[in-house]
Structure formats: C-alpha cells, structure tokens
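This report goes through a structure one part at a time. Please keep the sequence and the 3D view at hand while reading.

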Amino acid sequence: MHTTAHLVVQLFAATGIFVLAYYLIVNGYYLCLHILALFELRDNVREASWDQPFRRFSSPFYPGIALVVPAYNEAATIEESVQSMLSLNYPELEVVVVNDGSTDETLEKLIERFSLKALEAEVPFEVPSEEIQGTYRSTKYEELLVVDKKNGGKSDALNAGIWLTEMPLFCAVDSDTIIDRDALLQIVKPFLERPGTTVATGGVIRVANECTVEDGIVKEVNLPKTGLPGLQVMEYLRAFYSGRLGLNRINGLILISGAFGLFRTDVVREIGGYRHDTITEDFDIIVRLHRYLTDEEREYSVDFVPEPVAWTEVPSSWRVLGRQRRRWYRGMVETVVTNRGMLFNPSYGRVGTIIFPFFVAAEMFGPLIEGLGYIILPLAWYFGVLNIEFFVVFFLLTTGFGIFLSWFGVFSEVWSFNRYNDPKQILRLLWYGILENFGYRQWKTLVAWQGLFEYFRGVDSWGVMERGGFSSANDEDD
Amino acid sequence: MQGSVTMGSYIVPITTILIVIGLLVGIGLLVSFALTMGLSVYYKEGATQRDKVRSDVQNTLLSRAFSPEPEWNDWVTELSDTERTVAIDSLAEYLRELDGSEADSLKMLGKELDVPERAKKALERGHTYERLQALTWLIRLETPEPYYAASYEPTTQAERAAVARLLFQTGQLERAENGIELMLEGATGEFSVFGQDTLYRLAREAPDAMFAIGADWYQNWSAPLLAQVLLICGQLGTGVRTADISWLTASLEADDEGVRAAAARALGSFGWRPELRDSMFLARATDDPSPRVRGAVYEMLGSWGDNEGATVLLYALISEDDPRALVRGTNALVQRQEHVGESGPAILGAAWDWSAEHASYDSVARGRTRSTGT
C-alpha cells in the first residue's frame, strides 16, 4: 500500500510538472504571437492611413470578385442579405447564391424579389457537387446568379458557386453575415499589392449581437449586454487581433474564417474545391492550400487583413454554443489528422515545423490538458497530495496569463481601429476578459473533451444554428 | 514538488519563484489595463472634441469654398488646434469629391493650413506610408514644389508611382514618357493597383512610348511585372497605330502562362495588324498547352470582331477539350454571332447554349439598368 500511495504521489507530481512545462511553452508561444501581432497591426494601421490618390471605380485593374453565398433554409433573411451584398462597394462584383436544397421558401423568395428566370441551358461542364437542378439569372441585376441544387452541405454549395463563376477571385460568405460596405475593397488589398502570389485573404469577424443593423449595414456598434455573446466578443478579438495577425507576420496563417474569406478561384479549383467530408471546411481549405502550393514549390501567401469587417450573430445560449464549439473541435481534430503528414515536416517550411505543431499543441491539446488539470486538482486535494505551490503556478499560468492575453487583444482593438469607441464598452470588454476565466473557460475544456469523444464516435452533424435576429432602429422605436 | 528549486549553484525557494511569476503577471495586467483604458479615454476625448466643432467647421469651410472671396487666411488664423485637425480631415474628403473652382479654392485652403509644409517634412522624415500620404496630399493640392524642395528620393515602387502621378497631374512632366520611364526603370517586382492605374494613365498619354519602352525592356522584367504591363497595353485599345508589337507576340511564347494569357489579352486590340493574321501564329496560339491561355486567346479572337477572327475561333473551339476554356471561347463567340453560321451553335452544343443564354440575360439586365438609371 505504501508503494501504491507513493506511485500516486509520483504520478500527480509528474503530471503537475508536465502541465506546468506545457503551459510555460504554450504561453511563451502565445506571447510571441501577440508581440508579432503588434508589429503587424502597426504596419496595417499605417498602410490603412494611406488614402491612395486614384478613383477606384474608374480603374480597370480591380480583379472581379464573386461573392459565393451558400443558403440553406434562409427564407427569413435571404432577400435582405442578397440585397445588401449587391450594394457592396466594389468595381466588379458578382453575387452567386447557392440554394442548397432548402426545404423552406428560400428559392421562391429569391425568384420573386430579384425577378429571376430559370436558364434553359444546362451547365456545360462537370461541377463537383450534388446535382444542380437549375440556374437562374435576374432580369434586374446583371451581377446576380442563383444556383439551385440538391442538398449537400456547405462545402458542396460553395463548390457549386466556385465552379459556376468566371471571376478570378471568390469570397466565401455565410448568408447571414453582414459585410461592411467597403470591406471588399479592403480585403482585396493583398491581391492588389501582390497579385502574383496572394492566394487567400481573411478579414475580421465581429459579433453583431445587439448592434443596430439597418438595410444590411451595421449602423451602431454595441457590445452585447448579456454575458455569453459578450464573452465571445472577447474571444473573437483575441483570436483575430492577436493570433491571426501574429501568424500573418510570419506568413503562417492556417485559418481564415468561413464567414468571410477571399480566395483565388483557379487555385481552389486546382485542389478540387472544398472537401465534402469535413465540417470545418474553412480550416481544411487553408491547410490544404498550404500543403498543395508547397508541394508544387509555388511562391504564395495567405494573408490576414484586420481592417475589413464582417459581422455575425453568435450563439446566445449555452446549448447552441456548445453544439457549435463541439463541431469546431471535431472538425479541427479531423483536419489535423488528415494533414498529419505536415506535422514536423521541414518540407512545409515554418508551417510544418513550427506553426502547425504549435497550433495542434495549443488549440487541440490545450483544452484537453487544461481539462485534466481541473480533474487532477480536486483529486490531489482529496488524496491530500495537493501542492499549494503547484496550484498557484497553475492558476497564474492559466488564469492570470489568460487575462493578460485577452487584454492584449482589447488593447490592439483600441489602438488600431477602435470600433468600440466608448471607454465604458472597453471597460466591459476587459471585465469579460476576467469573467471568461471563471466558468466559461472550464466549460470550454469540457466541450473540447465532448468534441473529441464525438470525433471518435464518428459524429459528423452540423447541428442547427438558432438566431435571434439583429436589432434595428425600428426595434428601439417600438 | 519540493520547497525550493536548484538553479546552477543557487537554491531558489519556490515562494520566491511564485512571487516573481505573480509580480510579472500582475505588472503585465496592470500595464495593459492602464494602457488600454488610457488610450480609450484619450481617443474618446479627442473624438468628442472634434465632433463638437465638426459641424461648424464644415459649414464654414463649404460656405467659404463656394464664395468668390473665401479669405482663407483670416479664417485659418482663428482656428484652434482641434478645429484645424477637423478642417484638414474635411479638406481631404471634399477634395476627393469636388471639382472645378470650388476644388481650386480648397487647394488654397490646404496651403493656408500648411499642408504642403507638413508634407515636405513627412517626405524627409516619415516612414514609407507617411511619405506616400504626403505625396497624396501634394497630388490632391496639385502642389509639386514641396517635393522638389524636400531632400527626398522615392525608395519603393509605390513611392515612384506616387511621384510619377504627382508630376503627371501637375504638368511637371515634359513628356508622359518620362513618367513611364520613372516608374519602369529598374522596376522588378509587381505594382499595386495604384501603380498599375498610374502607369495606365501615363501610357494613355503616350501609348507609342509605352510600347517602345516595353519592346526595349520587357526581357528584363519579372513575369508578374511583364504580365501587368501587358494588361495595361491591352487597355490602351485601338489608339496605338504604328507601335512595335513584336514583344507582345513574343510574350505569347513565354514560359509563364500568366504572361502568355496577358499577352493574348493585350493583342485583343490589334486584330487589324497583318502580323497577327499569320495562320502559323494563330495555330500556335490556339494550340497552347494551357487551357487558361487558350481561353485568353479565344477572347482575343472574339475581340477582333471580324469574320476571320470568328472563323478561327470557331474551328479552335470545335477541337477544344477543356470544358472551361470552351465556355470562355463560346462566351467570346456569342458576342460575334453574326459571323457564326447556322451550324456553329449545333456543333458547340451545350457550351454555346449556356453562353448565348447568359449573354441574352446580360443584355436584358443592362437594358433595364440603363432605362431605370439604377
């Protein structure tokens, strides 16, 4: 018995040392990313301050962009969304709406609102998607194309749109995403600066809950008053202003949000488009682009641009958020497993040797290890082997440093584009940075473990995103 | 875990390590909190001050701009620092929107606000984007003097483009050709869209010079830069009468498919030149191994707009095996369907039907847009 007790103590001690070492390394990585992000943000802010002295809309050199909008049962919002997208400021724009086998009146609403007529001609080439049942052109808007196809999921719908556009660039957007009027002019910048090498760019996604939206434009930026969406504002700021900017600094961006990303159409077609058997198609496509272009020995860049903004409504209930996050986690594991050949592989440059391994360590294993920590601590206390020093260091490294990194993200927001321009909102954001460490963070580790189990069980469902809709000025009047 | 950690010859108590980590995290938190809140309050205060005066400043600015005697000097001397900042911001906005005598009046205001002097300082001391913004101001104010007065040489392609634009728009270039040379001499990398647009504006003034410079230098350029210059040449249209286009046809044989595609697009405006009508040349172009290039060649043939071009295009499409290149070809051909016999659509089948139906909807929507003015 004495030996068993000794072994337990040793096991706890070894686990404790492993967890502390892990956190020191991962937090050091995050700190480096955040510092790199500051330099990148400084350059971006400087670049954004240059008001280029030419008339964009009379220049013949802007590459055409197709907004590819998958729509599944979006009857309630599709007309307003498409109308808003048709109004975006960009010299050469096409909007390709792909009705992905909706069972509601999505297609009928589009036909009526935009005076759509079905084309008699069949698509004259193979499209890697479920059967296309019809294509529609508008007699009002030359730039609108609607594709009606059998249900095949988001990736499938995106592929249909990508294959049916002739535009050199396409922007993958969710139909419920609100895009700032000038966002396309901003997100396209890397393609304008380095047209030969840029293959993908991503912009910032912000939380639209409680913002005032009129005619598809965010008129007033408000911070959600309720805790859950507020915590997600904090998360999004940290992810975009720190993580992605930092990775961008070293040309190691491996994720562009599926809600708003711009891609070179021909290159995405070359890799076969989006994979159908993945539930996080946005992560998968970027990793595959890195892999393909490196294998082909082509010079390329994947860029993050912090200025253009798209707005999305985030889940406001634990149930829906849990479902979303489990799906994200499952998709991440699945993409990592699929592309495991890149891990520690020097032929993929720094993406293979540093960024992808750190991503896996921090994003995939991080919540699992942290979750274990939350189990080990009470167990160690129960067995009377809890080391108070270990507990304090664990707390400082997870919670203290976590708050510091979150506040770094808020600082970047204030210092750069300052959309939350009221100090009271900033104070609330900082408070969310503290609050998320007590309950929310621990809940996310549980969700990660659930996601992992779902992955092993082969769960591949998307789940339904329930939305409450945006506020408008009229709502306030009412 | 023991009560202390051995670091070389030192024994450091765990408590000390904890206190250090705690202090580091605490100081980090304190500093980031103070910086974030301080900056937020500072920005908010500045924005509030500017918002308070914005309406008055803008109203006065506009009323004076439309007055025959704006007397800017009297007004500017009365402005506070905040009002001056708002005036400069508003000036940038209005200079983008206004033309004619009002714009001329606003340019005078810019000088009274010492914008040219600030631009000169930025050219001498600023980072690259401050220098570019300074050049933007000088372009908007049409004031090249600070550029000449400053000890400054453009260092990047973007700056060279901005300088070329400044000299071009202020009539400082003896010939547009000088601006083209300024931008292209020694250039290796790609231009941004601003650079491309500037080169295009210069080349429109001196298209023959553009082609002559291209003929002399094209072999020194990187593939992306050559592709950009070719795209610009393609935009110059039929204004080019006697220029040497041999480097365009030579570029159709380049290794880089982007260059070949751009060359094909550039040659779309030169269908009347006899050297392009050579059957061997056309056969090589339509047999290009890259579907992307063949698609561009089909568009070139379509844009020639005559029977011969349409016939060559039709025959090339009959043997086209890439469905996407085929559709690009039929898209080009339906624009010239008056030159296509009755058998053409039947031979091209589904691709023709697809292109023809899209073309008809394009014209319906365009007609509607024109008639409604939307």
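## Domains of chain B

Into which domains is chain B divided? The model is predicted, and in it chain B has domain 1, residues 81–153, and domain 2, residues 271–374. Taken over C-alpha atoms, the centres of domain 1 and domain 2 of chain B are separated by 48 Å.

## Where chain B touches chain A

The contact between the chains takes 55 residues from chain A and 52 residues from chain B. On the side of chain B that touches chain A, the elements giving two or more residues are helix 1 (14–65), helix 6 (128–141), helix 10 (193–205), helix 12, helix 18 (323–334) and helix 19 (343–372).

Helix 1 of chain B supplies the largest share of this side, with 18 residues. By type, the residues on the side of chain B that touches chain A are 28 nonpolar, 13 polar and 11 charged.

## Two helices side by side in chain B

Two packed helices are described by the angle between their axes and the distance between the axes. For helix 12 (residues 223–235) and helix 14 (residues 257–266) of chain B, the axes come within 8 Å and cross at roughly 10 degrees. An angle under 35 degrees counts as roughly parallel, so helix 12 of chain B is roughly parallel to helix 14 of chain B.

From helix 12 of chain B, the residues in this contact are B:Ala223, B:Leu226, B:Ala227, B:Leu230, B:Leu231, B:Cys233 and B:Gly234. They meet B:Gly258, B:Val259, B:Ala262, B:Ala263, B:Arg265 and B:Ala266 in helix 14 of chain B. The contact of the two helices is made of 10 nonpolar residues, two polar and one charged.

## A buried serine

B:Ser251 belongs to helix 13 (residues 246–251) of chain B. Is B:Ser251 buried or exposed? A residue counts as buried if 20 or more other C-beta atoms lie within 10 Å of its own; B:Ser251 has 27, so B:Ser251 is buried.

Leaving out residues up to four places away in sequence, B:Ser251 touches B:Tyr218, B:Leu226, B:Leu230, B:Val259, B:Arg260 and B:Ala263. One of these, B:Tyr218, is 33 residues from B:Ser251 in sequence, and the two are 8.9 Å apart in space, C-alpha to C-alpha.

## One face of a helix in chain A

Helix 2 of chain A covers residues 78–86, and its residues A:Ile78, A:Ser81, A:Val82 and A:Met85 are buried. Seen down the axis of helix 2 of chain A, the buried residues fall within an arc of 95 degrees, so they line one face of the helix.

An α-helix has 3.6 residues a turn, so residues three or four places apart point the same way. The buried residues of helix 2 of chain A pack against strand 1 (65–71), strand 2 (93–100), helix 3 (106–113) and strand 7 (178–179) of chain A.

Note on methods
Residues are numbered from 1 along each chain as its sequence is written. Chains are lettered from A and ligands numbered from 1 in the order in which they are written. This is a predicted model: local features need pLDDT of at least 70, side-chain atom pairs count only at pLDDT 80 or more; totals for chains, interfaces and linings use all residues. A residue is buried if 20 or more other C-beta atoms lie within 10 Å of its own, exposed if 12 or fewer, and partly exposed in between; C-beta atoms are placed from the backbone. Helices (H or I, at least four residues) and strands (E, at least two) are DSSP runs, numbered from the N terminus. The arc is that of the directions from the helix axis to the C-beta atoms. Two residues are in contact if their C-beta atoms, placed from the backbone, lie within 7 Å. Axes are lines fitted to C-alpha atoms, for helices over the stretch in contact, and angles run from 0 to 180 degrees between N-to-C directions. Angles under 35 degrees count as roughly parallel, over 145 as roughly antiparallel, 65 to 115 as roughly perpendicular and the rest as oblique. Ala, Val, Leu, Ile, Met, Phe, Trp, Tyr, Cys and Pro count as nonpolar, Asp, Glu, Lys and Arg as charged, and the others, Gly among them, as polar. Domain bounds come from an automatic or database domain assignment.
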